[in-house]
Amino acid sequence: VKNYTTLIHGFCNKGKMDEAAKLLEELCGKGLYPNVVTFSAIINGLCKQGWVDEAAKLLKEIYGNGLYPNTVTFNSIINGFCKEGKMTEAVELLDRILRCGLYPDTVTFTAVINEFCNQGRIEDAFKLLEEMRGHGLSPDTVTYTVIVRGLCTAKELDKALDLLEKMEREGIKPNVVTYNTVILGLCIVGKSEEARNLLDEMAVKGCAPDIFTYNTVLRAMHKEGRAEAAIDLFNEFTSKGHIPD
RNA sequence: AAUGAUUGCACCU
């Protein structure tokens, strides 16, 4: 069953849901029974295709198979609703997790917080962050990164930088995605110099800038007409063994 | 073996 599930997951990731369905039939035809992980993989695949309603139907069928969905199963559908902007449904499902005697986890909350941020509902995002803490869950690097991104999109760079510091104080290490997010935010508002400083800072703190980081800052410098700064940075980029694309 | 985050903006299709 594990091997079948791995294959099914692979097809689902490529959006080949028909192939995944065939494998599921084949699995059943052999007298084997799909388990929660198998169903969750398919449910996630359906959600990624934008077929959340199909996924929700399949969620109901799980029970008929004598199985119970777990937190991961719900997380996939919650994320599916979020990606369609259906926050009412997403929050409803979050409540349902609790009623099922399951526990939402950091992934559950982060998925919903992320979509609130995408919709510019930063207040709701922070509220949910508090609610998450109320459940004894701590935000992790991804949670903070999505909120930082929400603040950057809202052009609240000061708050984004504050939050970056706050997470570090809490012992949650920003990673390259976190830094790239803030750096992009700074570049969008025309602060390539601060972006460059942050690039240096992340390197000092042991987080190596990647191609995305350099690309973002170089483009911003070019846009701001800072040719010399761009050349300096480009030379640093190549001297570190990176190959420009 | 399954779930959450960075490729903005403008232009054009």
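Modeller: Contact here means heavy atoms within 4.5 Å. The model under discussion is predicted.

Colleague: With which residues is asparagine 79 in contact, leaving aside its neighbours within four places in sequence?

Modeller: Asparagine 79 belongs to helix H5. Once its neighbours within four places in sequence are set aside, the residues in contact with asparagine 79 are Lys48 and Ala111.

Colleague: Is asparagine 79 buried or exposed?

Modeller: The relative accessible area of asparagine 79 is 18%. Buried means under 20%. Asparagine 79 therefore counts as buried.

Colleague: Which residue has a polar side-chain atom 2.8 Å from a base nitrogen of RNA strand B?

Modeller: Serine 40 has a side-chain N or O atom at 3.3 Å from a base nitrogen of RNA strand B. For the distance of 2.8 Å, again to a base nitrogen of RNA strand B, the residue is asparagine 175.

Colleague: How many charged residues does the surface near RNA strand B have?

Modeller: Helix H3 (36–48) and helix H5 (71–83) are among the elements that give two or more residues to the surface near RNA strand B. By class, this surface has eleven nonpolar and 18 polar residues. The number of charged residues is seven.

Key:
Residues are numbered from 1 along each chain as its sequence is written. Chains are lettered from A and ligands numbered from 1 in the order in which they are written. This is a predicted model: local features need pLDDT of at least 70, side-chain atom pairs count only at pLDDT 80 or more; totals for chains, interfaces and linings use all residues. Side-chain values use heavy atoms; hydrogens and water are left out. A polar contact is a pair of N or O atoms within 3.5 Å; within protein, one must be able to donate a hydrogen and the other to accept it, and residues adjacent in sequence count only if both atoms are side-chain atoms. Helices (H or I, at least four residues) and strands (E, at least two) are DSSP runs, numbered from the N terminus. Ala, Val, Leu, Ile, Met, Phe, Trp, Tyr, Cys and Pro count as nonpolar, Asp, Glu, Lys and Arg as charged, and the others, Gly among them, as polar. Buried means under 20% relative accessible area, exposed over 50%, partly exposed in between (1.4 Å probe, protein chains only).
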